[in-house]
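Take a first look at the protein and its ligand below. A short report follows.

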Amino acid sequence: MELFQFGTDPWGQEILIRLGWGLLTVSFWAGIIFILFHAVYAVVWKPRVAVEGGAASPGIEANIPEKVVRHTGVARIFHWVMSASMLTLLATGFLPILGLDFAWLNIHWISGVILILCILYHIVHASFFLDFWSIWILPRDLKEAVQRTKRQLGQSVDVGKHGKYPLDHKLYHLAVTFFGLIVSATGILMMMRIDHWLPVLARNDTYFTDPNWGIVYTVHGFSAVLFVMLTITHIYFSLRPDKLWITKSMIFGWVSRSDYLAHHDPEKWVVTDDSSKG
Ligand code: HEM
Ligand code: HEM
């Protein structure tokens, strides 16, 4: 399997052109294998290491609303627009590579611009209007990771409940943030290699030398390929019966008081009757 595709420049020298698309197959199967492993783990091993979470004190329980807001209306709109643009980018980016010939490029770059606008909006929204630190990995998460690993290995360790986002959600968000920024930055540069009608980023094939364009295309392709695995596994978790209570919150906005108390530590994800940051 070729990791990279090479071509020749006008002087007959070999230069890097883009990623080798065998990695698309690798990313797809890595996602499927992860799902299979997790599904077996969830049936065979997880019940053996699961422990009952302690009940919240009645005083705390009385202050929790019946419906706890997890994602506000605008946060949900953001998620679904971003999701639609990402699925369109994946389809328009990879279906032609898989042999389905259609006019993909205009749909692709327009979805790319929508994704970038979504990301810019989300950065402002999350920084000033949401509970910013709730999604980032903090020192206490690393402690939790060690405790969880010990418990998976059969030791009796009290892991405790988590805040709004458990470590696996934070890791996924970190990966999407990192590779989302990379695929966006390289996508913007690649706009200079195509004809489009935006007033900025006019065609300029000589902005980089040919070998450097090769690097830009390779980095874009690598992040794009990773999104195949990230998206397949993300959708798998959202469809799992034990996660449906979270999936519903991305549609309706809230989780029930009993789900909140069963999974979250009220001291780490603080909600009150009239306010809970989405
Ligand atoms: C995860 C999201 C994305 C995926 C899966 C993706 C996938 C791809 C793939 C597979 C290609 C073909 C690359 C090649 O021929 O080497 C491509 C090209 C391209 N992408 Fe993306 N892309 C994504 C995001 C973006 C974004 C955010 C933009 C920004 C507007 C963008 C703009 C472009 C452009 C302009 C090209 C065409 C370059 C050309 O043919 O010269 N892409 N993309
Ligand atoms: C049918 C497709 C999808 C479904 C059903 C879905 C479902 C969900 C749900 C239920 C959550 C909330 C998790 C929580 O409250 O803890 C979520 C969060 C998130 N989703 Fe999606 N999603 C989909 C597609 C996508 C796509 C394509 C992306 C692309 C990058 C994406 C990125 C994110 C991110 C970054 C978060 C925040 C991190 C997290 O909470 O885990 N989603 N998604």
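Which residue in the turn of the hairpin formed by E1 and E2 has a positive phi? That residue is Gly12, with a phi of about 80°. Five residues lie between the two strands of this hairpin.

**The hairpin**

This is a predicted model. Strand E1 covers residues 4-8, and strand E2 covers residues 14-19. The two run antiparallel and are joined by five bridges. Gly7 has Ile15 in E2 as its bridge partner. How many of the five residues of E1 are buried? The number is zero, so E1 lies largely in the open.

**The whole protein**

The protein has ten helices and four strands. Along the sequence they follow the pattern β-β-α-α-α-β-α-α-α-α-α-α-β-α. The C-alpha trace spans about 75 × 40 × 35 Å along its principal axes. Of the 278 residues, 16% are buried. Among contacts between residues at least 6 apart in sequence, 74% join residues at least 24 apart.

**Around ligand 1**

The shell around ligand 1 has 25 residues. The closest are Arg18, Gly93, Gly112, Gly187 and Ala224.

Which element gives the most to the shell around ligand 1? H5 does, with six residues. By class, the shell has 16 nonpolar residues, seven polar ones and two charged ones.

Methods
Residues numbered from 1 in each chain as written. Chains lettered and ligands numbered in written order. Predicted model: local features only at pLDDT ≥ 70, side-chain atom pairs only at ≥ 80, totals over all residues. Near = placed C-beta within 6 Å. Nonpolar A, V, L, I, M, F, W, Y, C, P; charged D, E, K, R; others polar. Buried ≥ 20, exposed ≤ 12 C-beta atoms within 10 Å, placed from the backbone. Pairing = 2+ DSSP bridges. Contact = placed C-beta atoms within 7 Å.
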